[in-house]
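Dear colleague,

I am passing on to you the structure shown below, together with an account of what was found in it. Please read the notes with the model open beside them.

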Amino acid sequence: MQVKRFFAADMRQAMKLVRDELGADAAIIGNRRIAGGVELTAALDYKLSALAPRVPNIELEDELRKTQSRIVTAQAGLGAGSESEATTNRQLFAGLPLTASEPLVEPHFEEPARPYVAPPAQATVDQRLFDSMRSELNGLRELLEVQLGSLAWTQLQGSKPQQANLWRRLQRIGLSGPLSRELLAMVGDIEEPRQAWRMLLAHLARMIMTPEAEPLEEGGVIAMVGPAGMGKTTTLAKLAARYVLKYGAQNIALVSMDSFRIGAQEQLKTLGRILNVSVTHVDPGQSLAQALEPLLRKRVVLIDTAGLQASDPALRMQLESLAGRGIRARNYLVLATTSQKQVLTAAYHSYKRCGLAGCILTKLDESASLGEVLSLAISHELPVAYLTDGPRIPDDLHLPRRHQLVSRAVNVQMQDEPSEEAMADMFADLYHSPSKRVG
């Protein structure tokens, strides 16, 4: 028997290490939380019959769903007390053995050793018990999601190969799992693969929102918001040049709220001199309303903001200024299409507090995938106001055309097919919404 321990940041990565090194027949005989992640102990040629009888593959998904239901029930009963908690814990961990390709039998997450400190009150002891059980439940749920995702993907390939192929093509574009599921539901009745794909892309194009009128044509106060490196200042320069070339420099003004980045104000001053446009800087102690008051007669005012981290207190103050009374600014979230999904999602949640009129997609010429940013814009109903795809000012600023944007997303898709692990992981993420079945 070969026994080995594996360390990873989370359960999904640890399971992948087991499969890669020991194969799908390896059995998980121990698991626990450790500092920085999880530890799995796996054995090859482990006698599963010594632990529990095997369950036929036909009944595997039903058993997993029963266990998942028990997890939900157990979580709901966390407040029932330590006695009921211990009973639930014993009941929950009775089941099948876990191999690298099958669900868990008897998970046991051990807390790292800690020095004993006498609790000041019974409430502290109960809280520790609750925290321990919650950790065990979350770990078990994560394992189940990984295994259910793999099982669902395998079954879909066998029962509906054409639909599985559409899933792969959508993943090559980079679309999110929930959006892919919604699109596939729209073409479920179409059997011919090419027609289904064309209709699917048509539905995707219709889901992309664009403004009824170009923001510059509407006028008013327009602010560029977003993290550092997304291209806010360059986009502002393109917008300003676009307006000046069409209407002249008399009725446009630039405002900088960025007093944090070195050279940010000088950069905007240089742009103002080139375009012959006035530039106003908002000092740290000055309110945005005071800075905008002399500019009320301008038809368009473009605001460049600082790209701050979500944990920075200055970000909250900046967003409150933009959302303040009397400002009436339309705030556009600038998103670089080269950014990872996690970065894009974090940017949206950090900046949505100021109220977003839409988004501007930048660096399309450098992007290897557009699916991530399109999924974000569609899922949060953010109209795409402008696109930028190069350094030229203002030539590389464009109004979005939905069908062209989808065509571009298809053209820059991944060249290689997504791996089986990637597809299984995507299906596992869908199990965060247990009421919606995949496939």
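S7 pairs with S6 (residues 252-256) in the parallel sense, over 4 bridges. Within this pairing, serine 256 has histidine 281 of S7 as its bridge partner.

A residue of H9

Threonine 235 is part of helix H9. Its relative accessibility is 2%, and it therefore counts as buried. Beyond its neighbours within four places in sequence, threonine 235 is in contact with Met224, Val334, Ile360, Thr362 and Thr388.

The nonpolar cores

The largest nonpolar core has 63 residues, and Leu292, Ile303, Leu335 and Leu361 have the most contacts inside it. Helix H7 gives the most to this core, namely 7 residues. A second, separate core has 27 residues, including Ala249, Leu275, Val277 and Leu302. Isoleucine 303, when residues up to four places away in sequence are not counted, touches Val221, Ile222, Ala223, Met224, Leu236, Val255, Met257, Leu288, Leu292 and Leu322.

Helix H15

Helix H15 (residues 402-411) has Leu405, Val406, Ala409 and Val410 buried. Seen down the axis of H15, these buried residues fall within an arc of 140°, so they line one face of the helix. An α-helix has 3.6 residues a turn, so residues three or four places apart point the same way. The face of H15 turned away from the buried side carries the exposed residues Gln404 and Asn411. On the buried side, H15 packs against helices H5 (161-173), H7 (193-207) and H14 (371-379), and against strands S10 (356-362) and S11 (384-388).

Backbone details in the loops

In the loop between S11 and S12 lies proline 394, which is joined to isoleucine 393 by a cis peptide bond with an omega of about -5°. Lysine 363, in the loop between S10 and H14, has a positive phi near 60° although the residue is not glycine. Lysine 363 is partly exposed, with a relative accessible area of 26%. The loop between H14 and S11 holds glutamate 381, a residue other than glycine whose phi is also positive, near 55°. Glutamate 381 has a relative accessible area of 58% and is exposed.

Confidence of the prediction

The protein has an average pLDDT of 76, and 70% of the residues score at least 70. Among its elements, S11 has the highest mean pLDDT (95), and helix H3 (residues 82-92) has the lowest (43). Over residues 46-60 the pLDDT stays under 50, and the model has 17 contacts beyond four places in sequence for this stretch. The pLDDT is also below 50 over residues 434-439, a stretch with 12 contacts in the model beyond near neighbours in sequence.

With kind regards

Note on methods. Residues are numbered from 1 along each chain as its sequence is written. This is a predicted model: local features need pLDDT of at least 70, side-chain atom pairs count only at pLDDT 80 or more; totals for chains, interfaces and linings use all residues. Side-chain values use heavy atoms; hydrogens and water are left out. Buried means under 20% relative accessible area, exposed over 50%, partly exposed in between (1.4 Å probe, protein chains only). Helices (H or I, at least four residues) and strands (E, at least two) are DSSP runs, numbered from the N terminus. The arc is that of the directions from the helix axis to the C-beta atoms. Contact means heavy atoms within 4.5 Å. A nonpolar core is a set of buried Ala, Val, Leu, Ile, Met, Phe, Trp, Tyr and Cys residues joined through side-chain atoms within 4.5 Å. Two strands pair if DSSP finds at least two bridges between them. pLDDT is the predictor's confidence in each residue, from 0 to 100.
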